[in-house]
Amino acid sequence: RDPRLAKYMAMCEWTDETIGEVLAGLDKRGLRKNLLILFVVDNGWVQSVGPPAKGDQFATRSKNTPYDAGVRTPMILHWPETTKAGKYLDLASTVDLAPTVLSAIDAKVPETMSGLSLLDVASGKEPIKRDAVFGEIYVHTAVKLEDPRANLTHRWVREADWKLIVPVKGGGKLELFNLKDDPHEKKNLAEVKPEDVKRLAKRIEDDWK
């Protein structure tokens with residue numbers, strides 16, 4: 001049996017147990033009736049075999065990289081008599097959490113705030129009104145705290161099944177993936193889909209402005 005799999009299963013079991021303890025404590029105190037619970041975690045680390053080496057995260061396409069193993073994270077919303085259990089395939093982002101909480105307490109969401117409320121989609125009412133999500137990757141140890149652009153390494157956009165990764169430094173190449181056909185991002189289609197690259201690159205530039 002793969003020892004890494006055993007470790008991951010143990011972590012899942014521990015998470016289930018500890019969350020169960022928290023919810024049981026809230027139930028005991030009568031605090032669950034009108035409580036919105038948001039469950040979000042840091043993205044995982046896809047480990048390689050052997051001792052870690054410099055750049056190891058890029059070999060496994062995980063944390064601190066723009067690949068899905070480095071940017072995807074689970075998000076769960078639970079609110080009695082409001083949310084509807086199910087798996088939703090809408091494009092969501094952690095920037096949606098603040099608008100979601102503000103909407104839950106009937107507070108006004110500032111127009112300048114990034115993100116959208118997830119309450120309607122989590123309630124099964126309607127899909128999220130967006131067709132793309134954007135992200136950036138920064139160096140782990142900031143070069144300049146006062147200048148985020150100096151720490152930027154990649155920008156990316158996910159539109160439907162398409163994902164474009166644009167390197168900012170180091171002379172890297174553009175990468176285009178169809179995540180439906182290639183969920184592990186192994187086949188770079190940038191050279192054979194130049195129009196999609198152009199369109200998505202423009203979306204990144206427009207969003208960055």
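How many aromatic pairs does the count come to? The count comes to one aromatic pair, where rings of Phe, Tyr and Trp (its six-membered ring) pair if their centres lie within 6.5 Å, with planes under 30 degrees apart called stacked, over 60 edge-to-face and the rest tilted. The ring centres of Tyr67 and Phe177 are 6.4 Å apart and the planes stand at 65 degrees, so this pair is edge-to-face. It links distant parts of the chain, 110 residues apart: Tyr67 is in the loop between helix 2 (56-60) and helix 3 (68-71), and Phe177 is in strand 6 (residues 175-178).

A word on the basis. This is a predicted model, in which local features need pLDDT of at least 70 and side-chain atom pairs count only at pLDDT 80 or more, while totals for chains, interfaces and linings use all residues. Residues are numbered from 1 along each chain as its sequence is written, and side-chain values use heavy atoms, without hydrogens and water.

Helices (H or I, at least four residues) and strands (E, at least two) are DSSP runs, numbered from the N terminus.

Back to the pair. Tyr67 and Phe177 are both buried, meaning under 20% relative accessible area with a 1.4 Å probe, protein chains only. Arg61 lies over the face of Tyr67, 4.2 Å from the ring centre; the rule asks for NZ of Lys or CZ of Arg within 6 Å of the ring centre and within 35 degrees of the ring normal. Likewise, the charged end of Lys163 sits over the ring of Trp156, 5.3 Å from its centre.

Trp156 has Ile165 in strand 5 as its bridge partner.

Key. Buried means under 20% relative accessible area, exposed over 50%, partly exposed in between (1.4 Å probe, protein chains only). Two strands pair if DSSP finds at least two bridges between them.
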